[in-house]
Amino acid sequence: MIQTRDLSKVFRIGKKHKDEFTAVDGLTLDINQGEVFGFLGPNGAGKTTTVRMLACLIGATRGSARVAGFQVGKDDTEIRRRVGILTESPGMYERLSAEKNLTIYANLYGVPDTQRAVGKYLSILGLWERRMDPVGSFSKGMRQKLAVARALLHEPQVLFLDEPTTGLDPEAAKTVREFIEELKTEGRTIFLTTHNLDEADRLCDTVGIIKQKLLAVDSPKALRDKLFGRKSVFHLRTINPDWVGLVALQPGVNAVSQIGEKLVVSLSDPETQNPAIIKALVNMGAQIMFVGELRHSLEQVYLDLLYQGKEGGGQ
Amino acid sequence: MKRIRTIIDKEWAEVFKNRMVIMVMLVLPLIFTVMPLIMLKLTASTGMEGVDPASAGVPAKFLVSCSGMNAGECMQIYIVNQFLLMFMLMPLMIPVTIAAYSIVGEKTTRSLEPLLATPITTKELLTGKALAAVIPAALISIGAFALFALGLFVLGIAPMVRAYILSPTWLLAILALGPILSVISVMVAIFISSRVNDPRAAEQISGVLVGPMMIVLVLQLAGLVVIDVRFMLAAIVGCLLLAVGMVYAGAKLFQRETILTRWK
């Protein structure tokens with residue numbers, strides 16, 4: 001649904017636009033239909049610039065991209081018909097009512113039954129009762145919900161959501177997140193940029209980490225596994241330091257460390273290797289209370305990739 | 001076409017909720033309509049009936065316009081001719097107010113990006129925004145002139161003076177030059193809007209548009225220029241060329257990428 005090849009954007013900046021700033025450098029991505037893709041990176045990493053290029057708002061300096069089967073830079077109007085975008089700032093017409101705001105956009109997108117589409121999304125997002133109120137009187141969360149409705153009016157195949165929950169209170173953020181989860185079930189392709197790594201972890205099938213260049217792209221789980229390997233944690237009643245060395249000798253064990261009364265064992269395939277380790281520990285006289293998997297947060301993956309310069313490469 | 005109509009509808013729905021815009025649109029035409037009528041009424045009986053226009057004290061060049069009139073009527077059309085320029089201020093100032101609020105307003109509320117993400121073409125957007133500013137300005141100017149013309153009859157202004165005001169010079173000014181000036185005005189507002197973030201600043205800077213009008217006024221008062229049909233036709237052609245050039249330049253400036261990345 002979205003393919004980019006060496007997509008790059010260089011801005012000319014400074015007086016007389018003589019200096020150059022590379023916002024996005026050689027981005028190559030493949031995002032399938034129905035996939036929720038999380039695009040992560042620090043401020044100024046090129047996330048919004050990428051969204052703008054893919055939504056045909058700005059042109060690429062180098063490389064190519066296809067969205068919904070159309071070529072960016074060539075079939076821009078066709079692409080705009082098929083994509084919805086939630087921009088960083090809701091950008092609503094504050095003096096106009098919620099209904100009027102959506103009606104304007106429904107007309108611009110050429111929605112056949114404007115009233116039905118507007119009513120549908122106002123109801124779904126819980127704004128029906130306030131439809132005649134000027135948007136200027138809305139809370140930040142309500143404006144964001146209205147902006148989400150605006151992005152969906154023409155039932156786009158691809159949805160670009162640029163930091164949809166930034167600046168929202170937890171309740172409003174939860175509503176927007178739940179709505180994105182619902183959209184996921186409708187089979188739309190969603191391109192989500194966010195700083196909220198927990199959100200990306202929960203919502204995204206695939207995440208890409210960018211800092212001008214794409215540092216890594218994969219499922220959150222695969223990224224964790226690639227970076228940190230898989231680790232099983234054996235919680236023991238008491239521990240004998242000799243067991244560390246003995247467990248390390250077991251087949252398939254990459255590393256073992258002791259943390260308090262726990263043994264942390266790095267394994268290539270925990271599902272098949274855990275039983276053998278449990279058996280070995282029991283034979284050594286260990287009393288195992290329970291076994292779990294050490295989970296690294298996406299935040300750890302993100303920080304590791306960004307600040308230790310590990311490159312996972314593109315797809 | 002539907003998208004252009006939608007943009008016009010949106011602009012009017014939003015801009016006409018702004019009190020400042022409404023004030024400019026109501027007060028300015030009212031002043032420019034009532035003032036010349038008062039002036040004509042006050043100078044109606046000057047006691048110069050039957051007196052040669054040459055003794056009216058108007059610039060020599062202007063006397064050509066006074067053929068068949070007495071000195072009083074000649075004086076009256078000389079005075080009212082200055083108000084023609086005031087009438088021309090309406091199509092200049094009203095679009096600036098609307099365009100400044102509509103374009104800079106979009107910048108400040110950051111509503112341009114989602115708008116530019118729709119299938120609307122840059123040409124449609126620019127046309128919609130320009131028409132949203134030009135149409136009310138043209139209608140108000142023509143409406144104000146119609147009111148002024150009606151006032152001439154109601155107040156019993158001399159037939160010779162009425163005939164002069166309803167002559168091709170004035171009609172060309174109101175019906176042809178006015179809308180062209182509105183287009184120039186909108187384009188100036190677009191250029192300025194790309195550089196400022198406050199609608200009031202855009203409006204004030206656009207005030208430079210009044211400059212050339214004031215120069216013509218001074219030249220006319222000094223007797224160096226007479227606004228007649230020839231002058232008006234030349235002004236229409238000159239302004240039309242300028243408007244075409246500015247529309248072309250405006251379209252170049254009003255590009256999605258430029259707006260999003262350089263309009264700060």
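Reader: In strand 8 of chain A, which residue is the bridge partner of A:F160?

Author: Strands of a sheet pair through backbone hydrogen bonds, either parallel or antiparallel. Here the partner of A:F160 is A:F191 in strand 8 of chain A. Two strands count as paired if DSSP finds at least two bridges between them. Helices (H or I, at least four residues) and strands (E, at least two) are DSSP runs, numbered from the N terminus. Please keep in mind that this is a predicted model, where local features need pLDDT of at least 70 and side-chain atom pairs count only at pLDDT 80 or more, while totals for chains, interfaces and linings use all residues. Residues are numbered from 1 along each chain as its sequence is written, chains are lettered from A and ligands numbered from 1 in the order in which they are written, and side-chain values use heavy atoms, with hydrogens and water left out.

Reader: How many bridges join strand 7 of chain A to strand 8 of chain A?

Author: Five, and these two strands run parallel. Strand 6 (residues 83-86) of chain A is also parallel to strand 7 and joined to it by four bridges; there, A:L86 stands opposite A:L161. Strand 7, helix 6 (residues 170-185) and strand 8 of chain A form a right-handed β-α-β unit. Right-handed means that, with the strands pointing away from the viewer, the path from the first strand over the helix to the second runs clockwise.

Reader: Which way do the side chains of strand 7 of chain A point?

Author: In a regular strand the side chains alternate between the two faces of the sheet. From strand 7 of chain A, A:V158, A:F160 and A:D162 point one way, A:L159 and A:L161 the other, and all are buried. Buried means under 20% relative accessible area, exposed over 50%, and partly exposed in between (1.4 Å probe, protein chains only).

Reader: What is the strand order in the open sheet of four strands in chain A?

Author: The order is 2-1-4-5, with antiparallel pairing. Strand 2 (19-31) and strand 5 (70-71) of chain A are the edges, each pairing on one side only. Five bridges join strand 1 (residues 2-13) to strand 4 of chain A, and A:I2 stands opposite A:V67 in strand 4. Helix 1 of chain A lies across strands 1, 2 and 4, running at about 115° to strand 1. Such angles run from 0 to 180 degrees between N-to-C directions, with axes as lines fitted to C-alpha atoms, for helices over the stretch in contact.

Reader: Is A:C56 buried or exposed, and what is its phi?

Author: Most residues other than glycine have a negative phi, and most peptide bonds are trans. A:C56 has a positive phi, near 60°, and sits in the loop between helix 1 (47-54) and strand 4 (62-67) of chain A. A:C56 is buried, at a relative accessible area of 3%. In chain B, B:R110 also has a positive phi, about 55°, in the loop between helix 3 (71-108) and helix 4 (112-116). B:R110 is exposed, at 55% relative accessible area.

Reader: Which residues is B:E113 in contact with?

Author: Contact means heavy atoms within 4.5 Å. Leaving aside neighbours within four places in sequence, B:E113 touches A:R52, A:L57, A:T87 and B:L260. B:E113 belongs to helix 4 of chain B and is buried, with a relative accessible area of 14%.
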